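Open the model in your viewer and keep the selection tool at hand. We will go from one spot to the next.

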Amino acid sequence: MRVHVVSDVHGNSRDLARAGAGADAVVCLGDLVLFLDYDDHSRGIFPDLFGVAHADTLVELRTARRFDEARELGRRLWGELTRTGVTQESVIEGAVRKQYAELFAAFPTPTYATYGNVDMPRLWPEYAGPGTTVLDGQRVEIGGRVFGFIGGGLTTPMRTPYEISDEEYAAKIEAVGEVDVLCTHIPPDVPELCYDTVARRFERGSAALLQAIRRTRPRYSLFGHVHQPLARRARIGGTECVNVGHFNATGTPYVLEW
């Protein structure tokens, strides 16, 4: 059995369409939407709307953890745009829908997918075709192994679309229970797995996820979210914890075989 795993697709539909080559199934751990590429500030919804110069400034402020100033920049820019009669919500949803139409059409069959923190779950049923199974707080058997899926991220100052409370996230972990492969968007709360060396900050990992790994001992814990982690893998007891990569940048899936 061969499963290809991707995460943090962020608009890379070209490589996503090839991600299933030679695989029996594809697993996607979310973040399909590209709002702003921190490596190439000309790509994404934000620069398309407000220009590269403003994208440069936004990245600089967020990297320096000057979140209040970043939000004020966003408020000012959106205020100028919405004076034309459109709403912020309608503009963002229209841009996300355009990306989703292209990305879901690129998913190989079969694909098993969960949400990332920048995704909009309410839109997924409109775009997920019969070959794509969406799971969140649920389990599925793939090739004789049980995979558990937990989507979304925890609340942060970034206020991305699908952030939930620690309690809600822990409840989804509890619902999944014991599995062979635990698939999440965010990592367990292990410092070297959560630190992004380019953004120069710790992303939020889940303490409840770390506790579940120690308690239930899955074969693998697979996740994304941290684009340039200090460590891409670590062992927690008998569990191999793997950051499956920033697919937008690498275009290469992680391969799981048994």
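Select Ile236 and Thr239. Thr239, in strand 14, is the bridge partner of Ile236. This is a predicted model.

Now extend the selection to strand 13 (233-236) and strand 14 (residues 239-243). The two run antiparallel and share four bridges.

Next, show the whole sheet. It is open and has six strands, in the order 5-6-9-12-14-13. The pairing is mixed. Find the edges: strand 5 (138-142) and strand 13, each of which pairs on one side only. Step across from strand to strand. Ignoring direction, neighbours are turned by 20° against each other on average.

What does Tyr169 contact, leaving aside its neighbours within four places in sequence? Its contacts include Ile150, Gly152, Leu154, Thr184, Ile186 and Leu209.

Now colour the largest nonpolar core, a set of 42 residues. Tyr169 is among the residues with the most contacts inside this core, along with Val9, Leu16, Leu32 and Tyr100. Helix 5 (88-106), helix 7, helix 9 (207-216) and strand 13 each give two or more residues to this core. Which helix gives the most? Helix 5 does, with five residues.

Last stop: select Leu29, Cys183, Val244 and Leu256. They belong to another core, of 19 residues, which lies apart from the 42-residue one.

Terms used. Residues numbered from 1 in each chain as written. Predicted model: local features only at pLDDT ≥ 70, side-chain atom pairs only at ≥ 80, totals over all residues. Heavy atoms only, no water. Pairing = 2+ DSSP bridges. Axes fitted to C-alpha atoms, helices over the stretch in contact; angles between N-to-C directions. Core = buried A, V, L, I, M, F, W, Y, C linked by side-chain atoms within 4.5 Å. Buried < 20%, exposed > 50% of the residue type's maximum accessible area, 1.4 Å probe, protein only. Contact = heavy atoms within 4.5 Å.
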